[in-house]
Amino acid sequence: MYKILKQEGNAKRAEFTTVHGTIQTPVFMNVGTVAAIKGAVSTEDLEGIGTQVELSNTYHLHVRPGDQVIKKLGGLHKFMSWDKPILTDSGGFQVFSLAGLRKIKEEGVYFHSHVDGRKIFMGPEESMQIQSNLASTIAMAFDECPSSVAERKYVEDSVARTTRWLVRCKKEMERLNGLPDTINPGQLLFGINQGAIFDDIRIEHAKRISELDCDGYAIGGLAVGESHEQMYHVIEETVPYLPKDKPTYLMGVGTPANILESVERGVDFFDCVYPTRNGRHGHLYTNQGKINLFNAKYELDERPIEEGCQCPTCRRYSRAYIRHLLKAKEMLGMRLCVLHNLYFYNTMMEEIRDALDEGDFVSYKKRKLEGMKMSQS
RNA sequence: GGAUGGGUAUGCCUAGCGGCGAGGGCAGCGGACUGUAAAUCCGUCACACAGAAACACCGCAGGUUCGAGUCCUGCCCCAUCCA
């Protein structure tokens with residue numbers, strides 16, 4: 001299933017074969033939390049900008065429209081009309097992002113729905129059941145994502161619980177995959193490493209979950225408050241303790257620079273809301289850095305977002321026009337920006353793969369970073 | 001000519017009914033966003049600046065009052081209606 005094609009230092013060029021097709025890695029998964037890429041991006045659009053994997057969310061789809069509804073409609077792939085791989089996040093991140101609306105217990109997490117306030121209980125079994133109903137290609141383990149500034153004692157207890165939860169996830173997923181009415185009996189499960197910025201906790205946890213034979217392993221709980229240096233350090237320390245014959249997924253990261261640095265440290269999968277959210281907010285990625293199209297200086301700028309860019313937006317529209325659309329709050333403005341940003345990310349991943357194929361990654365990374373002058377953005 | 005309702009800061013709309021160095025919103029300008037409660041949020045938006053010390057025409061001019069954007073009088077504009 002997971003096959004390393006080329007290596008350069010710790011950086012890996014690989015492919016991961018699933019029932020919904022083969023994923024070429026390193027890859028950036030395009031985030032569509034509620035089974036939609038925000039910004040009015042359609043499946044046809046994704047096909048035109050190089051998207052390999054789409055990411056959706058267990059908690060959000062459980063709340064609305066309901067995983068039972070999606071199961072009745074044949075699963076997420078049919079529902080969204082997307083036949084390539086889909087990864088569903090488990091709801092673990094919502095334990096972090098909806099901190100004010102939930103209570104964590106050993107059995108799982110009690111949420112108050114952010115939509116209508118109703119009580120929702122989600123533990124490892126529930127998360128697996130929902131993801132099985134959604135029938136995504138890859139299900140994520142139900143974890144807790146502690147803040148990177150959490151105290152050691154809290155992180156120790158949280159990680160220990162996340163480990164127990166992973167054992168339950170694994171068992172429940174095996175049971176669900178064996179049921180006769182399961183839509184995707186080959187649904188994969190990725191475990192998640194936690195431990196905030198404590199190296200020893202990270203490493204111990206990585207060793208422990210590696211024994212559980214998941215289909216892939218993620219590093220979670222990063223880019224949630226710590227510095228870039230701390231994040232890179234944790235990745236460097238942790239990756240060596242995750243199975244080498246399984247893909248590594250760095251959850252929720254990140255900026256183009258974050259991705260380049262992390263590929264170098266051995267990460268295969270990425271996802272981040274940046275290209276979509278920043279696109280909606282008028283922040284566009286270019287090889288010369290990020291630009292904010294709301295800025296007055298683009299009012300009469302007839303150039304495309306990026307000279308030479310082959311994305312559907314740049315092939316046709318000017319910065320001045322897109323700025324007008326954004327300021328007029330026309331949906332088309334956000335849509336064009338999101339398309340450009342996703343194309344930028346997907347294309348950068350393609351360049352990374354090509355560079356790895358050529359054994360030229362280190363130099364590619366250097367050139368890319370210097371061009372973008374953006375180790376921070 | 002008469003009646004009624006209005007005129008609030010560098011653009012627009014608006015709160016305000018005796019203690020106002022006048023509150024909101026829009027527009028403008030800038031910023032933030034990392035497994036998406038985000039087409040969101042924050043800042044700025046007269047002068048000045050946290051000081052017993054500064055300082056704006058709340059349509060204009062007077063008046064009442066310790067104190068007026070707020071009450072009174074006159075005037076000027078605007079809107080609607082009636083002649």
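Domain bounds here come from an automatic or database domain assignment. The model is predicted.

**Exercise 1.** Find how chain A is divided into domains, and describe the contact.

*Solution.* 
Step 1. Chain A splits into domain 1 (2-272) and domain 2 (279-372).
Step 2. Taken over C-alpha atoms, the centres of domain 1 and domain 2 are 27 Å apart.
Step 3. Domain 1 puts 24 residues into the contact, and domain 2 puts in 29 residues.
Step 4. On the side of domain 1 that touches domain 2, β1 (2-8), β2 (11-18), β4 (27-31), α1 (43-48) and α10 each give two or more residues.
Step 5. The largest share of that side, five residues, is from α10.
Step 6. By class, this side of domain 1 has 12 nonpolar, six polar and six charged residues.

**Exercise 2.** Are helices α10 and α14 roughly parallel or roughly antiparallel?

*Solution.* 
Step 1. Take α10 (residues 256-264) and α14 (residues 361-372): their axes come within 10 Å and cross at roughly 165 degrees.
Step 2. Angles over 145 degrees count as roughly antiparallel. The two helices, α10 and α14, are therefore roughly antiparallel.
Step 3. The crossing of α10 and α14 is left-handed.
Step 4. From α10, P256, A257, L260 and E264 meet K365, K368, L369 and M372 of α14.
Step 5. These contact residues comprise five nonpolar, no polar and three charged.

**Exercise 3.** Describe the surface near RNA strand B.

*Solution.* 
Step 1. There are 49 residues around RNA strand B; S97, C145, G252, G254 and V273 come nearest.
Step 2. Elements giving two or more residues are β5 (54-57), α5 (92-97), α11 (274-280) and α13 (331-358).
Step 3. The classes are 19 nonpolar, 21 polar and nine charged residues.

Conventions. Residues are numbered from 1 along each chain as its sequence is written. Chains are lettered from A and ligands numbered from 1 in the order in which they are written. This is a predicted model: local features need pLDDT of at least 70, side-chain atom pairs count only at pLDDT 80 or more; totals for chains, interfaces and linings use all residues. A residue is near a molecule or strand if its C-beta atom, placed from the backbone, lies within 6 Å of it. Helices (H or I, at least four residues) and strands (E, at least two) are DSSP runs, numbered from the N terminus. Ala, Val, Leu, Ile, Met, Phe, Trp, Tyr, Cys and Pro count as nonpolar, Asp, Glu, Lys and Arg as charged, and the others, Gly among them, as polar. Axes are lines fitted to C-alpha atoms, for helices over the stretch in contact, and angles run from 0 to 180 degrees between N-to-C directions. Angles under 35 degrees count as roughly parallel, over 145 as roughly antiparallel, 65 to 115 as roughly perpendicular and the rest as oblique. A crossing is left-handed if the near helix is turned anticlockwise from the far one by less than a right angle, and right-handed if clockwise. Two residues are in contact if their C-beta atoms, placed from the backbone, lie within 7 Å.
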